[in-house]
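Please look through the sequence and the structure shown below before reading this briefing. The notes that follow are grouped by topic.

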Amino acid sequence: MDSSSRFVARHVASLPKSGIRDFFAIVSKMKDAVSLGIGEPDFVTPYHIREAAIASLEKGRTSYTDNRGTQQFREEVSRYVAKNYGPEYDPETEILATIGVSEALDILLRAVLNPGDKVLYHEPCYVSYAPSVALCHAEAIPVRTVSADQFALDPAALRAAWQPGCKLLVINFPTNPTGGTADRAKLEAIAKFAIEKDLLVASDEIYSELTFEGDHVSIASLPGMRERTIFLHGFSKAFAMTGFRIGYACGPAAVIDGMLKVHQYGIMCAPIMSQEAAVEALRNGRDSMLHMRYKYRERRDFIVRRFNELGLPCHLPRGAFYAFPDITSTGMDSMTFAQQLLEQQKVAMVPGTAFGAAGAGFCRASFSTSYEKIHEAGERIARFLDTIRKG
Ligand SMILES: Cc1ncc(COP(=O)(O)O)c(C=O)c1O
C-alpha cells in the first residue's frame, strides 16, 4: 500500500474488494484452468443485435442522447415491460436508460438514501448490494435465505430483520448466486410487508427471462406496488450484452427524477450505440434469448445432477445461471474448498462467502460456460473429492 492511501475516504478504505474478481484474476493467468467463476454469458451477443450497433456507428450516430435515453429506447422499454411484466411506465417521466443495472442501482441508492438510513436485502446475494449501500453512508441489513427453502426469501425472516429506520428493500429474483425465485404467494407476502412498513422496493430483475421453473412474476405488478417499486433491468444476461453496458430503471416519476439528477451529473447518458442495439434486442431478440435459455437449462440439469452424484448436495436453481452446491461434507470452509480446488485441479468456483455470510458452506458454479467445459470440471471435481476423501 503506498502512502496515497491516506487520501482514501474511511468508508471506501473499509470496503472489501470483490471476492469474485480475485479469483478471476488468478484464473486468467492459469493455463488449462476451467472457470465456473464468472457470471457472464459465454455466448457472443446475437449477430442481429451487434449489427444494430454497427449500423448505428455507420450512420455516424455518435452523439450524447437525452439524459433519460433516446425516445425510441424508452418507448421500446415501456412496451416490453408492459407486455412481459405488467406495469405500464410513461416513457417521458418514468423510464431512465442506465449503464447496466449496476448504475441503475447505484443512482437509485444515492437518490433515495440519507446517511444512516437502513436497507434490507436478502443474502446470499449479488456482491455489489451491501458495498453500494455502504458507499451512501447507509446501513445494509441482510435477511438470510436458506437452501432448505431453495433460497427463496421468507417473509417471516424479512419481518424479523426489519428495524426502525429501514427505508428500502432490495430484492433479486431469480437470485445471483443461488438461482432462488419467489412465487406469487411469497411476493404477495413481501409486498404486504413493504406496504405495511412503507418501504420503497428495488427489484433487480436482470435474470428474469432466464427463469426455468414456473413463470416469473414482478413485484411491481402486484396491487399497490407500482408506486413504491423501482424495476431494474438490463441486457447483460438474457441478451448476452455485458460489454454494451446498458440497462434501465422504471418507476414513479419523482424517484426517477431524483435518479436522473445523479445520472445527469455523473454519467450524462448511456452510450447511443448501446441504446440502439438494445432496441433491436427488445424488438427481435426473443428467439436468440430462448435459444440461450434452452442451452443454460441443459447445462443446469447436467451440473446439478453431477454435484449431487459427487456427494455435494445441490438444489435445482429455478433461474439465472448459477449452481450453488453445499460443500460442508468436505470438512472445508468455502474459501478453502475454492482455493484447493483451483490449486489442485485448476477449476474455479467462487466461495459462497463472497456473496455474504449466509453463503458459508457453499460455492457458486456458473454454468454460463460450454457443456464440454462443465463436463471437464465435473471430472476434475470428482478427482479432487477422491483425493481429499482418501486423504
Ligand atoms: C443480480 C445482478 N444484478 C446486477 C448485475 C449487473 O448487471 P449489469 O451488467 O446490467 O450492470 C449483475 C451482474 O452479475 C447481477 O448478477
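This is a predicted model: local features need pLDDT of at least 70, side-chain atom pairs count only at pLDDT 80 or more; totals for chains, interfaces and linings use all residues.

Pro 124 lies in the loop that runs between strand β3 (118-123) and helix α6 (129-134).

**Backbone features in loops**

- A cis peptide bond is also found from Asn 176 to Pro 177, where omega is near 20 degrees.
- Pro 177 is placed in the loop between β5 (166-172) and α8 (184-196).
- Ala 320 is not a glycine, yet its phi is positive, at about 65 degrees.

- According to the domain assignment, the protein has domain 1, made of residues 3-45 + 287-390, and domain 2, made of residues 47-285.
- At the contact, domain 1 contributes 37 residues and domain 2 contributes 38 residues.
- The centres of domain 1 and domain 2, taken over C-alpha atoms, are separated by 24 Å.
- The size of an interface is often given as the accessible area lost when the parts come together.
- Between domain 1 and domain 2, the buried area is about 3400 Å², and carbon and sulfur atoms give 60% of this area.
- Within domain 1, the residues that lose the most area to domain 2 are Thr 45, Arg 318 and Ala 358, which together account for 23% of what that side buries.

**Polar and charged links between the domains**

- How many salt bridges are counted between domain 1 and domain 2? The count is two.
- Glu 213 and Arg 297 form a salt bridge in which the closest N and O atoms are 3.6 Å apart.
- Residue pairs in polar contact between domain 1 and domain 2 number 24, with both residues at pLDDT 80 or more.

**The side of domain 1 that touches domain 2**

- Two or more residues of this side come from each of the elements α1 (10-13) and α11 (286-309).
- Which element gives the most to this side? Helix α11 does, with eight residues.
- Sorted by class, this side of domain 1 has 21 nonpolar, nine polar and seven charged residues.

**A sheet of three strands**

- Three strands in the order β9-β12-β11 form an open sheet, and their pairing is antiparallel.
- Strands β9 (322-323) and β11 (350-351) stand at the edges with a single partner strand each, so one side of each has no neighbour in the sheet.
- The antiparallel pairing of β11 with β12 (residues 363-366) runs over two bridges.
- Pro 351 stands opposite Cys 363, which belongs to β12.

Terms used
Residues are numbered from 1 along each chain as its sequence is written. Side-chain values use heavy atoms; hydrogens and water are left out. Two strands pair if DSSP finds at least two bridges between them. Helices (H or I, at least four residues) and strands (E, at least two) are DSSP runs, numbered from the N terminus. Domain bounds come from an automatic or database domain assignment. Contact means heavy atoms within 4.5 Å. Buried area is the accessible area (1.4 Å probe) that two parts lose on being put together, summed over both. A salt bridge is a side-chain nitrogen of Lys or Arg within 4 Å of a carboxyl oxygen of Asp or Glu. A polar contact is a pair of N or O atoms within 3.5 Å; within protein, one must be able to donate a hydrogen and the other to accept it, and residues adjacent in sequence count only if both atoms are side-chain atoms. Ala, Val, Leu, Ile, Met, Phe, Trp, Tyr, Cys and Pro count as nonpolar, Asp, Glu, Lys and Arg as charged, and the others, Gly among them, as polar.
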